[in-house]
Amino acid sequence: MSRAYYVTTPIYYVNAEPHIGHAYTFCVADSLARFHQMRGASSWVVTGTDEHGEKIVEAAAAAGLAPSEFSDRVSARFRAAWDEVGLTANRFVRTTDADHRRNVQAILQRVHDEGWVELREYDGLYCVGCERFLTDRDLLDGRCRDHERVPEKRRESNYFFLMSRAFGWLREHIERHPDFIRPARYRNETLAMLRDESGLGDLSISRPKHRLAWGIELPFDPDHVCYVWFDALISYLTGAGYPDDPGFPARWDAVEHLIAKDILKPHAIFWPTMLHAAGIAPPRHVSVHGYWNVEGRKMSKSLGNVLSPHDVATRYGFEGFRYATLREMSFGLDADLRDAALIERINADLANNLGNLVSRTLRLVERLCGGRIPEPAREAIGSPERELEALAAEVVARVDALMAGLEIHRTLEEIFRLVGAANRLLDLRAPWKAAKEPGGDAVVRTTLHATCEAIRVTALLLGAFLPAACGEILSRVGAAETLEAARLPDDAAWGRLVPGAPTRTGDALFPRLEARKD
Ligand code: MSP
């Protein structure tokens, strides 16, 4: 069986509509899955919706619907939003799915049987936004720091998962596996949380049914339902086919959770300790990106600046949005989504640089070489051509190294070095002029062959990030391979185009976008 690569997005709460924050994580997941697939792994992508808990009950009540009806509706909107922009998953997990419910109950029973669960009286401040009891450090002037709402005072019997018992193990695991939580700032943040255990303690994993009935019943006490985070995290197992899908072990062995920094604690602390207690290996990577702000402000309903995947697809084309956000966000850090910057990025890189390279090369091939890949002339290969070829090999290797470290924005920057160099070669050799000179045919053929190769290699390297455009570029440039069947690094070796293969011109791949006039 081939090597697996399993990537997850968070499962999104159904109390909000899909927005570009959710979409960005999915774009990263989709790009990583495609990249690993091209590297020969069998990729598996999972997303879904998180449907239990008080927050959802509140939102359903506000909409005048039963929680199940409300969840059905919003979950379907998430699915439709992803379909509309072409983001697909191998499994869309809803926490209300029957197989997920079974998994949650099985894990609860297992950790209970292994002595990791205890019933305690809890007295504390509860934030419904966070769906948890807060500690002093979660508060600012008596309000939850994240949700800016005053928490409720609650006293109730809760089952606790004795998570703190596993902190020593977790600390050691993090220290032994430097790329478990990445980038390093989040690894350090997790170690800092673990150093100051007063902020952590054990984890309440149940809610009394009289307070909350919308959840998965505890198998060992039907008067309680499972805490929503304990339930939601297990969706990653469900999505991989736990417990008995034959693909599960290989997928789990190669799992990468993509999240934003807002949910570091549940992923870096709750989840690995839960798995440890259940006798399951921790995830290979928890990869954490920063937050998108919009025009310098936090995205929020009250500011009316929440952008949907549909909004950005209309404004930039979804692949344009995808490219510009992957290129603009330094993975791990916050970034500001500014319309002017996105437009500039798309116009400069996609329309002017790549789009232009493809269109002028293929128009010249059509005009000067009869629309077929030309045979290069050995005597016309000079150092600029050899440098372009060497650069292509260098970029292929650099892309691999950068992607291994999740440096997506630098990967894209690197690929565009090749695009820039190919454009410069075209300017330098000016085949449109050479064609008019005696003996210029060798220059024409050699230059256009080299730029076609550079285009092909670029399309392969960029294919994971801009799949539709790069599939089209490969076909226009007469490549023998399709994006789906192509393998890296082998197919990106220079010289795979077959002279005589037909090329095709077409509409602008990336039309120039107009800046907003205001
Ligand atoms: N339901 C939980 C996750 C459970 S996972 C087992 C949850 N859902 S959420 O709907 O609030 O989604 C949070 C995630 O959405 C973030 O981790 C991130 O992936 C994405 N984003 C939400 N807003 C974002 C930005 N403004 N910027 C970037 N990503 C953002 O938490």
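Phenylalanine 416 has a relative accessibility of 9% and so counts as buried (under 20% is buried, over 50% exposed and in between partly exposed, with a 1.4 Å probe and protein chains only). This is a predicted model, in which local features need pLDDT of at least 70 and side-chain atom pairs count only at pLDDT 80 or more, while totals for chains, interfaces and linings use all residues. Residues are numbered from 1 along each chain as its sequence is written, and side-chain values use heavy atoms, leaving out hydrogens and water.

**View 1. Phenylalanine 416 meets tyrosine 323.** Tyrosine 323 is buried, at 0% relative accessibility. With ring centres 5.4 Å apart and planes at 55°, tyrosine 323 and phenylalanine 416 make a tilted pair (centres within 6.5 Å; planes under 30 degrees apart are stacked, over 60 edge-to-face, the rest tilted; for Trp the six-membered ring is used). Helix α12 (residues 318-328) holds tyrosine 323 and helix α15 (residues 408-429) holds phenylalanine 416, so the pair ties together parts 93 residues apart in sequence.

**View 2. Two tryptophans pair up.** The whole structure has 18 aromatic pairs. One of them joins tryptophan 252 and tryptophan 271 edge-to-face, at 6.2 Å centre to centre and 90° between the planes. Tryptophan 252 is buried at 5% relative accessible area, and tryptophan 271 is buried at 1%. Ring pairs also link Trp252 and Trp271 into a cluster with Tyr6, Tyr236, Tyr242 and Phe248.

**View 3. Arginine 363 on helix α13.** Now for a residue of helix α13 (residues 339-369): arginine 363 is partly exposed, with 49% relative accessibility.

Key: Helices (H or I, at least four residues) and strands (E, at least two) are DSSP runs, numbered from the N terminus.
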